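Dear colleague,

I am handing over the structure below for your records. My notes on what was found in it follow directly after.

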Amino acid sequence: MATTKVDPKLNESDIAKTAKTYQGLTSQQLIDAYRIMFTSRRVDDREILLKRQQKVFFQISGAGHEAVGVAAGFVLKPGYDWFYPYYRDRALCLALGATPYEMLLGAVGAADDPSSGGRQMPSHWAFKRLNVVTQSSATGTQILQAVGCAEAGRYFAQHPNAARKAEGDYRQFKDVQFQGDEITYVSLGDGTTSGGEFWEALNTASNRRLPVIFCVEDNQYAISVPVEVQTSGGNISRLVSGFPNFHFEEIDGTEPVVAYAAFKRAADYCRAGHGPGFVHAHVIRPYSHSLSDDERLYRPDAERQADAARDPVHRLQLFLLREGILDEKGINKIEKEIDEQMQADTDRALEAAVPQPETIYNFVYSPDLDPTSAAFETHPAPAAPETAAEGKRSADSPSKTSPNKTMADLINATLRDEMGRDERIVIFGEDVADASREEYLKQKLIKGKGGVFKLTAGLQLQFGPDRVFNSPLAEANIVGRATGMATRGLKPVVEIQFFDYIWPAMMQLRDELAIIRWRSNNAFSAPVVVRVAIGGYLTGGAIYHSQCGESIFTHTPGLRVVFPSNALDAAGLLRTAIRCDDPVLFLEHKRLYRETYGRAPYPGTDYMVPFGKAKIVQPGTGLTVITYGAVVPRALQAAQKLEREHQVSVELIDLRSLNPFDWHAIAASVKKTNRALIAYEDTLSWGYGAEIAARIADQLFHDLDAPVKRVAATDTFVAYQPILENAILPQAADLFRAMKELAEF
Ligand SMILES: Cc1ncc(C[n+]2csc(CCOP(=O)(O)OP(=O)(O)O)c2C)c(N)n1
Ligand SMILES: [Mg+2]
């Protein structure tokens, strides 16, 4: 491959001894860089060959991005710093210590593929020992997670006790490591800078001066879309230059020495605690987007040739020759060694065991801690009102003086007690702090807010602003950062202010949070609790403050979904959510927050309700009503009227948990009553009750004396005018009518 002539007498070891360095890189490091870059390119070439032979199933290359990867890998420390690399970062991963064999295991989808055990496409890097965190295919979701990862490092440095292990909850299975000056690296392509989460991440990293290095690998294309279409003015550096607290670098990312120097400056700045770094590396993409793409359809030859002239592997080779660091023989020797090893690695990878079909359910949820188990079933132990559970200032509520507390009170008290018990818990979201301008609180000028529904009232006052704080008004920011934090072992309990606005976080919830454990084959997990104010019956809540939609989340494997109907269950389920090892969507019905129905004394500091266990609100023999949330009190009212007026006894089941749900309770009841009605507040069609109805029809057909019925909202959104709202949402009268019809069938 080498063409330039140099002194043939020089050999590798002689040269390594020469003292000259290049931006701090020794000759030996440059030789190592060449080895890694050449290896990276050779793994790509080998995978492409294997794809053509149909021995692997997908290929996406890191070609053209090798220099910047090696530079970052040389500056940063594996197993010390943290890495959120994207798919082009093959050379980075090799520089950190991943092996070509491991990469080939990923390509063939082997059981021992360390990134995913054959669950993800190749180049979706995860190497636990190196702190390379599992990556998805969704461009850009890694960026906010990297921010959360950096925040976790800072948090543990300031709260070292929080890192301690504890028995009996998720902490038992979460090793924490932190250094105090670690950096989080995150990379992305030029096209990915167009996504909103990129800007959210820069904003937060800048505002909090976080030690994150953002590396934009600008190869001028996002598949076929050129950079000037993505980025106004065609240069991302120009657009981001206004963010405060950053160290910026814009470099030719095909030059390893240049890239190394830039990363070194950025890393020094980050490690010193000044703030984040931004490295904008201009690179090339010589191999089309992926093997499924042919760039000749949208790039003329001249442009492709100009790119090829900047190939980083060739450039480094020429540099080594020019500087007399290696001669042609030395280069050939390295390349031959790599090729021989590649052949051996390929042969081994092709022989590697593949994952077995019966393993597909492994790691959807934590294998260590089962939140449906008896370990999460405790009895209420009401404490005297003056105990810590009440706190100094509980959520504002008319129940302040009564032993019976509202759902809002008990959620607040549970959060307070759990925060006292577990220093890893942090709470953030929109308006959740008592006051971000803390001096007002200190000077006692104000009382503080603590959430638009006051569920987090007093928590910042008690636990401080680094444990309870406001997020920007950006839901993906909340869930993305929480996911990064939880990956490091924190327990974020975040709030989405209204279910109606959860959608900016949908990608983070469905494609990330819920699936991190499964896609990494249990190498990583993110057991975040996401509290969400949900539901209608508000009289004036209208379209955007009344929505349900829980089935969209129960349709997401990996996510636990609970929906309490009363104060006691809310306290018990929230504690289970916090202590368990899975991500939980905790749905809090706004109408139930301060309802008279379902108030209870505080059940004590260890009260837990296991997931997947329904509550029989009242036993009965005439028919079974299966429901949850705010429909429970309405169904109870209807059932009582039916009993009074028609002597039909209804067995009313409050599911409490939607995923997992208590099939056993449903089946036992339907076998007894032979009639089933499922009632839910969400729109009827494709709703949560549809699945329950289908299961009953499928598995209990012979026990049924009547068709399975549903009562739910109309297939519309909820209107503002109360007359319309009443017509749209299921009312006690609708439930009564349906129960009566079913009983009489
Ligand atoms: C959110 C999302 N939208 C679309 C895609 C499909 N897709 C995969 S890579 C890609 C282009 C990415 O371009 P860029 O960020 O410039 O990175 P590059 O591949 O050029 O290195 C697209 C559109 C995706 N994976 N995720
Ligand atoms: Mg690109």
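In which helix does Ser-551 lie? Ser-551 is part of helix H20, residues 550-554 (helices, H or I, of at least four residues and strands, E, of at least two are DSSP runs, numbered from the N terminus).

Please note that this is a predicted model, in which local features need pLDDT of at least 70 and side-chain atom pairs count only at pLDDT 80 or more, while totals for chains, interfaces and linings use all residues. Residues are numbered from 1 along each chain as its sequence is written, chains are lettered from A and ligands numbered from 1 in the order in which they are written, and side-chain values use heavy atoms, with hydrogens and water left out.

Ser-551 has a relative accessible area of 15% and is therefore buried (buried means under 20% relative accessible area, exposed over 50%, partly exposed in between, with a 1.4 Å probe and protein chains only). Not counting residues up to four places away in sequence, Ser-551 touches Asp-682, Trp-686, Gly-687 and Tyr-688 (contact means heavy atoms within 4.5 Å).

Turning to the metal site, Asp-190 (OD), Asn-219 (OD1) and Tyr-221 (O) coordinate the magnesium ion (ligand 2) at 2.0 to 2.2 Å (donors are N, O and S atoms within 2.8 Å of the metal, or 3.2 Å for Na, K and Ca; water is not among the atoms, so sites may look incomplete). Asp-190 lies in the loop between strand E4 (184-189) and helix H7 (196-207), and Tyr-221 in strand E6 (residues 221-222), so the pair ties together parts that are 31 residues apart in sequence. Both Asp-190 and Tyr-221 are buried.

Finally, five strands form an open sheet of mixed pairing, in the order E16-E18-E17-E20-E21 (two strands pair if DSSP finds at least two bridges between them). Strand E16 (615-618) and strand E21 (709-713) stand at the edges with a single partner strand each, so one side of each is left without a neighbour in the sheet. E16 and strand E18 (residues 650-654) run antiparallel, joined by three bridges, and Lys-615 has Asp-654 in E18 as its bridge partner.

Yours sincerely
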